Amino acid sequence: MNKTGYFTHPDCRRHDMGRGHPECPARLDAIEDRLLASGLGDTLERREAPLASTFDLELAHGRMHVAALRGLADELAEQEQAGGSELLHIDPDTAMNGHTWNAVLRATGAALAATDAVIAGELENAFCAIRPPGHHATRDRAMGFCFLNAVAVAARYALERHGLQRVAVVDFDVHHGNGTEDILSGDERVLMVGIFQHPFYPYSGDAPRAANMVNVPVPAYTRGPAIRQIVEQAWLPRLEAFRPEMIFISAGFDAHRDDDLGQLGLVEADYAWITRQLRDVASRHAKGRIVSCLEGGYNLDALGRSVEAHVRVLADLA
């Protein structure tokens, strides 16, 4: 069995934070276009993301935070009906429109459905083409384009609902996954490893909050060979010692050299190489089980190419 799932939903395209915002619906179109043009899309098992339940969201988020976001969605709907603004800003970079709440539920639902399918053995691994992203969302705060943290919810879901003993979270976005760290730090059932540009938004991660966090900040303009060395020397020994029963990936592609939202220098071959290392760890310890969720990546051409490279390795076609 070597099936790779592809989870998404049209609702994820309807979330829109306004004209010119880099975290835009066209990101998912760029991925779909690349998978179609390359023929890779035909090899994947496509599944539609369900809506996540509040019960599951609260595995990683405070009840008041979930309720507040839902309340903001209701407030926005009333505001629109009264002829007011179609956007409600949470911070200068993060805004909701009338479709955001459903998009958030679909994004998290994709990660949970992928987790179910992979643990059940229906799929070996899966990629979730979702937005909004999630790794900046802390237990009780939306920020940095993110509202709820799909990867953190899914990691806790695998532990609490499926009874796994150890899961790993890998984050190679250009920005530190501060929200994931906030939710999972100190949980000895989870190992989180990551690289990120520093100093850079959200200006955190240089001092790990707990022993289960392997944060490796790197300076601007770091390129692929140096990142590969970090993976070999810092990530892989910890992952091997931890022996995860499942791996979750916060797959941000904004560390690509063509992406203007960061200043790192990865290319498609680097993403493929990193994915191959993670597949090897999963094959040894986790029955191949990987769920990867889209985070950043804002140069549309580079995003499409990078996702193709990543998914091609997941599908064992590279």
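1. Start with strand S1. This is a predicted model, and in it S1 (residues 4-8) pairs with strand S2 (residues 45-48) in the parallel sense, over four bridges. Within that pairing, Phe-7 stands opposite Arg-47 of S2. S1 also pairs with strand S5 (residues 125-128), again in the parallel sense and over four bridges. There, Thr-4 has Asn-125 of S5 as its bridge partner.

2. Is S1 mostly covered or mostly open? Mostly covered: five of its five residues are buried. Thr-4, Tyr-6 and Thr-8 point one way from the strand, and Gly-5 and Phe-7 point the other way. Residues on both sides are buried.

3. Next, His-21. This residue sits in the loop between helix H1 (11-14) and helix H2 (26-38). Its relative accessibility is 16%, so His-21 counts as buried, the cut-off being under 20%. The His-21 side chain reaches the backbone oxygen of Asp-93 at 2.8 Å. Leaving aside neighbours within four places in sequence, His-21 is in contact with Asp-93 and Phe-145.

4. Phe-145 is not a glycine, yet its phi is positive, at about 75°. The residue is buried, with a relative accessible area of 12%. His-21 is in contact with it, as noted above.

5. Now the aromatic pairs. The structure holds five of them. In one, the rings of Phe-145 and Tyr-298 have centres 5.8 Å apart and planes at 90°, so the pair is edge-to-face. Phe-145 is in the loop between S5 and H6 (150-160), while Tyr-298 is in the loop between strand S10 (290-294) and helix H10 (300-314), so the pair ties together parts that are 153 residues apart in sequence. Tyr-298 is buried too, with a relative accessible area of 13%.

6. A second pair is Phe-253 with Tyr-271. The ring centres are 4.9 Å apart and the planes stand at 70°, so this pair is edge-to-face. Phe-253 lies in the loop between strand S9 (247-251) and helix H9 (268-285), and Tyr-271 lies in H9 itself, so the pair ties together parts that are 18 residues apart in sequence. Phe-253 counts as buried at 1% relative accessibility. Tyr-271 counts as buried at 0%. Together with Phe-172, Phe-253 and Tyr-271 form one aromatic cluster.

7. With 10% relative accessibility, His-175 counts as buried. What does its side chain meet in a polar contact? The side chain of Asp-254, at 3.3 Å. Not counting residues up to four places away in sequence, the residues His-175 touches include His-135, His-136, Phe-196 and Phe-200. Tyr-201, Pro-202 and Leu-261 are also among them. For scale, the C-alpha atoms of His-175 and Gln-79 are separated by 33 Å, and the two residues are 96 apart along the chain.

8. Two cis peptide bonds are worth checking by eye. One joins Arg-131 and Pro-132, with omega about 5°. Pro-132 is in the loop between S5 and H6. The other runs from Tyr-201 to Pro-202, with omega near 5°. Pro-202 is in the loop between strand S7 (190-197) and strand S8 (213-218). Both Tyr-201 and Pro-202 are touched by His-175.

9. How many cavities of 30 Å³ or more are there? The count comes to one. The largest cavity has a volume of about 60 Å³. Its lining includes Val-104, Ala-107, Ile-130, Leu-148, Ala-150 and Val-151. Pro-132, of the cis bond to Arg-131, is another lining residue. Cys-293, Leu-294 and Glu-295 line the cavity as well. The elements giving two or more residues to this lining are helix H5 (100-119), H6 and S10.

10. Last, Asp-316. It lies in the segment after H10. Its phi is positive, at about 60°, although Asp-316 is not a glycine. With a relative accessible area of 46%, Asp-316 is partly exposed. Phe-145, whose phi is also positive, is buried.

Note on methods:
Residues numbered from 1 in each chain as written. Predicted model: local features only at pLDDT ≥ 70, side-chain atom pairs only at ≥ 80, totals over all residues. Heavy atoms only, no water. Buried < 20%, exposed > 50% of the residue type's maximum accessible area, 1.4 Å probe, protein only. Pairing = 2+ DSSP bridges. Contact = heavy atoms within 4.5 Å. Polar contact = N/O pair within 3.5 Å; in protein donor to acceptor, adjacent residues only side chain to side chain. Phe/Tyr/Trp six-rings, centres within 6.5 Å; stacked < 30°, edge-to-face > 60°. 1 Å grid on protein atoms, 1.4 Å probe; cavity = no way out; pocket = protein on both sides within 12 Å on 5 of 7 lines; lining within 4 Å. Points joined across faces, edges and corners; volume = space filled by probe spheres on them.
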